[in-house]
Amino acid sequence: MKWQCRAICLIFVSVWVIIAYYSYVPEKSASNKLQIKPYSSMFHISTEANELDSNFQTWRKEAPKRQQSFLESHEKAEKNTDVGLKKKIGIIHGKDNEVERSEGYRLYAFNVLISNRIGLFRKLPDTRPPECPKEIHLQVPLKASVIICFYNEAPTTLYRSVNTVIKRSPPAMILEIILVDDFSNQSDHTDLKEMFPNVKVFRTTKREGLIRARLFGASKATGQVLIFLDSHIEVNVGWLPPLLSPIAKDRKTVTIPFVDTINCNTFDYTASPRVRGGFNWGLHYQWDPLPSKFNKVSPAAPIPTPTMVGGLFAIERHYFNEMGKYDAGMDLWGGENLEISFRIWMCGGHLEIIPCSRVGHVFRNRRPYSSPRGEDSMLKNSLRVAHVWLDDYIKFFFKTNPGARNNVNYGDISERLSLRKFLECHSFKWYLENVYPEQILPNSGKRSPVLLNPPVHARPLKPKVVDKIVHIASGLCIQSAQEIYAKHSKLILAKCDSSPKIKKQQWYQTFDNELRLANKLCLEINDVGFKKSFPRLMKCHNSRGTQEWIWFNSSVPSMLYNEASGKCLSANPNKNIPYLELDICDNLNPNMKFAFGFLID
């Protein structure tokens, strides 16, 4: 009985203490409460963006009349737009959006509308292999100078490139960020100093081109390591320490981050497969699959690579100067990456790709600018590479480029030949035997396997859906205007045919949201920069973007949306020209409603 009384008393005292404690705990301040944030996912701005300093916050408030217009157009379109559609960052709402996107493609060869809506920072998928150590590189005793050269770059893309370097780099490892404006004449970058007060900004007095602009930037640098980056990139989490670590161990090691792909039409960030750099005998860079010996190597291990992609690499500053910097006799752009790759390997250095260092790069389908005087800088630069470094193998370059054999317009190369002799470099035969034995000689009869440029992951071929696509308003089916193998064929509406032999109406939708006609060609919008957009059948490129088609309703009927164009598929059987086209999405427009068939298990 005494034991029971003691137990009851103990329980009573415990309950009283708990009640008293919580009665006197102060209520959490408003700043600690979960805040309801305004809808901003349309800009893909992550929570990390909220940590931007006051300069960036000011920019976000003042710069975007475009963003305010975007918000207003979303609100206006809510009644006529499916809920899922409002979250699409590339959607076109009106003429202003259309002009912004079209001008962006004309000036920069990518979707500026989406780039502007993303803002200065966004969360990226961590594409590092799981085997990558997350902390081991943090004590690298080196300070880097990051050099970004640009010419007529889209402001938000340039600013985002700089901002990701600032936000995702350990401060102790960055001595300075140097921006070199190569005499731009389109975009106004006068606010760079205000935007980035701690960044050094220089402007050349004339158009120098990428190569000499980088030489100019390197001459201003004082860091132990030079890191060259393009102006349309986004560095990923943890990118810097593993890039510097091999250089700390061996100053003659030149490192290249693993280059992930940022789609130029949608700005989707995707991981690249394990590849390395090579070249063909026309002296163009190519992505090569890894030799079989790498199958037994950890995915996190550095990958020795015969060549570098060119836009992104890190090199010890004194070593860069000692081994001849860039070839200043080259013009503008092209061939410099192969020249410095050959020189690194043949003259005692080492070149490797770092899978644990990831940087996304916007791969454009064309160069948006030309040479000032219309000259072919790529040919001139390749001739310099060939005459200085290829030795007797130059015959294969001329075999691939017969028109270059008698071309002598490549400038004076005596200084570069003297440099090669001074550095006591190996022969090109040594390079092929020891660095790139997989390279196939043109007279061998063999073919070298290469990947797409940029590299893409292999996609599953199994379709998710197979059937006809029916236009609800007319009851007609979508089919190709020409035969199923005819590339560039537009789409028309025709009477639905139930016969399985009619391949023109047999559509396969893959797990990457491709629409393949008869599982052969993919539906693509390849004129995204123009006002009038007609989808056509093209070779499947497995990179989504222009070939990705999204159904917005889980139940039929639904609109079909293409992010690259920002528009929806539309069909008007009453028009004189029956081709299907893309138009501003409107959920109340019956000409935009379609239905697919049955699911494949």
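**Figure 1. Overview of the protein chain.** The accessible surface of the protein chain comes to about 28900 Å², and 55% of that area belongs to carbon and sulfur atoms. Accessible areas come from the Shrake-Rupley method with a 1.4 Å probe, and for residues only the protein chains shown count as cover. This is a predicted model, in which local features need pLDDT of at least 70 and side-chain atom pairs count only at pLDDT 80 or more, while totals for chains, interfaces and linings use all residues. Residues are numbered from 1 along each chain as its sequence is written, and side-chain values use heavy atoms, with hydrogens and water left out. The protein chain has 15 helices and 25 strands; helices (H or I, at least four residues) and strands (E, at least two) are DSSP runs, numbered from the N terminus. Of the 601 residues in the protein chain, 54% are buried. Buried means under 20% relative accessible area, exposed means over 50%, and partly exposed lies in between (1.4 Å probe, protein chains only). Take the contacts in the protein chain between residues at least 6 apart in sequence: 73% of them join residues at least 24 apart. Contact means heavy atoms within 4.5 Å.

**Figure 2. Packing of helices α12 and α14.** Two packed helices are described by the angle between their axes and the distance between the axes. Helix α12 (residues 377-389) packs against helix α14 (residues 414-422) at an angle of about 40°, and their axes are 10 Å apart. That makes α12 oblique to α14. Axes are lines fitted to C-alpha atoms, for helices over the stretch in contact, and angles run from 0 to 180 degrees between N-to-C directions. Angles under 35 degrees count as roughly parallel, over 145 as roughly antiparallel, 65 to 115 as roughly perpendicular and the rest as oblique. On the α12 side, Arg384, His387, Val388 and Trp389 meet Arg416, Leu417 and Arg420 of α14. By class, three nonpolar, one polar and three charged residues form this contact of α12 with α14. Ala, Val, Leu, Ile, Met, Phe, Trp, Tyr, Cys and Pro count as nonpolar, Asp, Glu, Lys and Arg as charged, and the others, Gly among them, as polar.

**Figure 3. Ser382 in helix α12.** Ser382 lies in helix α12 and, at 4% relative accessibility, counts as buried. Leaving aside neighbours within four places in sequence, Ser382 touches Leu283 and Phe397.

Figure 4. Ser427 sits in the loop between α14 and α15 (428-434). Its relative accessible area is 32%, so Ser427 is partly exposed. Ser427 and Leu390 are 37 residues apart in sequence, and their C-alpha atoms are 8.1 Å apart in space. Beyond neighbours within four places in sequence, Ser427 is in contact with Met346, Asp391 and Arg420.

**Figure 5. Two phenylalanines with positive phi.** Most residues other than glycine have a negative phi. Phe183, which is not a glycine, has a positive phi of about 60°. Phe183 is in the loop between β2 (174-181) and α7 (192-195) and is partly exposed, with a relative accessible area of 35%. Phe267 also has a positive phi, near 60°. Phe267 is in the loop between β6 (253-263) and β7 (269-270), and its relative accessible area of 1% makes Phe267 buried.
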